[in-house]
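Please open the model in a viewer and keep the selection tool at hand.

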Amino acid sequence: MTADTPAEVVQSERPRRSRRWRRTAIVSAILLLLFGVPWWTLLLAGQAWPTPVVVAGTVLFAAALGALPLMMMLGHGRRRLDWAAATGDALLGAAWVLFVWSILSQLLRLVLFLIGVDDPARSRAAAGTAVVVAIVLLVWGYAEAMRVPRIRAVDVGITGLGCGLDGLRVVLITDTHYGPIDRARWSAAVVARVNDLGADIVCHVGDIADGTVAVRENQASPLASVTARSARVYVTGNHEYFSEAQGWLDYLQSIRWDVLHNRHIVVERGGDRLVVAGVDDATAKASGIRGHGANLDAALAGADRALPVLLLAHQPKQVSQAVRAGVDLQVSGHTHGGQIWPFNFLVRLEQPVVQGLSRHGEKTQLYTSRGTGFWGPPFRVFAPSEITLLTLRHA
């Protein structure tokens with residue numbers, strides 16, 4: 001009996017192992033920076049703290065550095081422990097805020113140096129400022145993340161919109177991210193605020209939850225009570241493809257939402273009509289789920305192209321296809337407005353817009369919501385959540 005391993009198996013294993021080690025090295029480097037910069041800024045950058053303070057602080061940072069990947073693995077890995085996910089997410093957000101303000105505190109150190117303040121007073125002042133600002137922002141950011149979003153009202157002029165549709169009210173929610181923190185009461189309060197707006201159309205533009213229907217239905221169930229005069233419509237976001245996209249499509253359909261899985265409906269008011277279309281998220285095809293993948297041609301198949309088109313697409317970058325198809329208005333989410341400043345600058349590297357109304361090409365407009373909920377860290381810093389009221393105007 002031989003135990004020879006085929007050459008093609010060996011060759012396929014080597015790149016896989018190489019990718020795994022590369023990914024591990026990158027993550028390790030990011031974690032060391034995330035915790036190492038604040039550790040140096042607060043404890044070793046000229047403060048001359050007593051040795052017990054330095055030792056205690058070092059132990060605290062080392063414990064946090066070890067706890068973060070452990071909580072992430074327990075919470076977001078195969079075991080899916082919600083308490084671990086919530087702990088890891090909160091720790092990640094706190095580490096990011098402290099990292100950012102540890103870097104910015106160096107500006108204060110420079111100013112103090114220029115006006116003649118010597119160490120250790122200079123470095124202690126910078127370290128103390130970084131800690132105080134981080135704590136204040138985290139407390140405020142948590143309150144911002146957990147509150148029911150404010151209404152953001154925007155008028156959108158659309159050329160070719162019939163007079164009968166002038167004043168049509170489109171309410172947009174997105175990125176609810178029902179997750180490890182139970183927000184069933186928050187979800188019900190969001191629905192109540194949506195219903196107060198008297199919408200003609202209510203749109204949920206994806207990232208409904210982190211987890212399966214079976215796990216998150218308690219938080220999602222208030223969506224069944226959403227009211228709209230003409231339509232309630234939904235498309236998938238990228239996070240549906242981390243769990244069970246088809247399950248969420250089936251669930252929304254079961255509570256009588258129109259699931260725009262590369263399809264459209266027509267809304268009529270005052271004798272005029274509007275095409276409301278939706279496409280799968282940009283990541284859908286790569287997920288490997290049969291029958292999923294953004295297809296705007298299929299979504300608009302059979303539509304009267306003389307009518308104005310409102311398109312739901314989770315990611316703003318999908319607007320390039322909307323421009324080519326002559327869509328009048330695309331509504332998107334995904335960016336969270338950056339969620340925790342200054343992450344918005346990193347989001348902008350991938351997406352054409354971070355938030356708000358923008359124009360693309362000669363005809364197409366894009367509205368990008370900052371999101372209704374939050375993902376991961378339960379903080380929103382300089383990126384408030386929103387329920388969007390878009391009033392369509394004849395232009």
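A crossing of two helices is called left-handed if the near helix is turned anticlockwise from the far one by less than a right angle, and right-handed if clockwise. Helices (H or I, at least four residues) and strands (E, at least two) are DSSP runs, numbered from the N terminus.

This is a predicted model, in which local features need pLDDT of at least 70 and side-chain atom pairs count only at pLDDT 80 or more, while totals for chains, interfaces and linings use all residues. Residues are numbered from 1 along each chain as its sequence is written, and side-chain values use heavy atoms, with hydrogens and water left out.

**First selection: residues 213-220 and 245-254.** These are helix 6 and helix 7, and helix 6 passes helix 7 in a right-handed crossing. Their axes come within 11 Å and cross at roughly 40 degrees. Axes are lines fitted to C-alpha atoms, for helices over the stretch in contact, and angles run from 0 to 180 degrees between N-to-C directions. The two helices are therefore oblique to each other; angles under 35 degrees count as roughly parallel, over 145 as roughly antiparallel, 65 to 115 as roughly perpendicular and the rest as oblique. Display the side chains next: Val213, Arg216, Glu217 and Ala220 of helix 6 meet Gly247, Trp248 and Tyr251 of helix 7, where contact means heavy atoms within 4.5 Å.

Among the residues in contact are Gly93, Trp101 and Phe113 in helix 3, and Arg122, Thr129 and Leu138 in helix 4.

Six strands form an open sheet of mixed pairing, in the order 1-12-2-3-4-5; two strands pair if DSSP finds at least two bridges between them. Strand 1 (150-158) and strand 5 (258-259) are the edge strands. Strand 2 (residues 168-173) pairs with strand 12 (residues 386-394) in the antiparallel sense over five bridges. Which residue of strand 12 is the bridge partner of valine 171? The partner is leucine 389.
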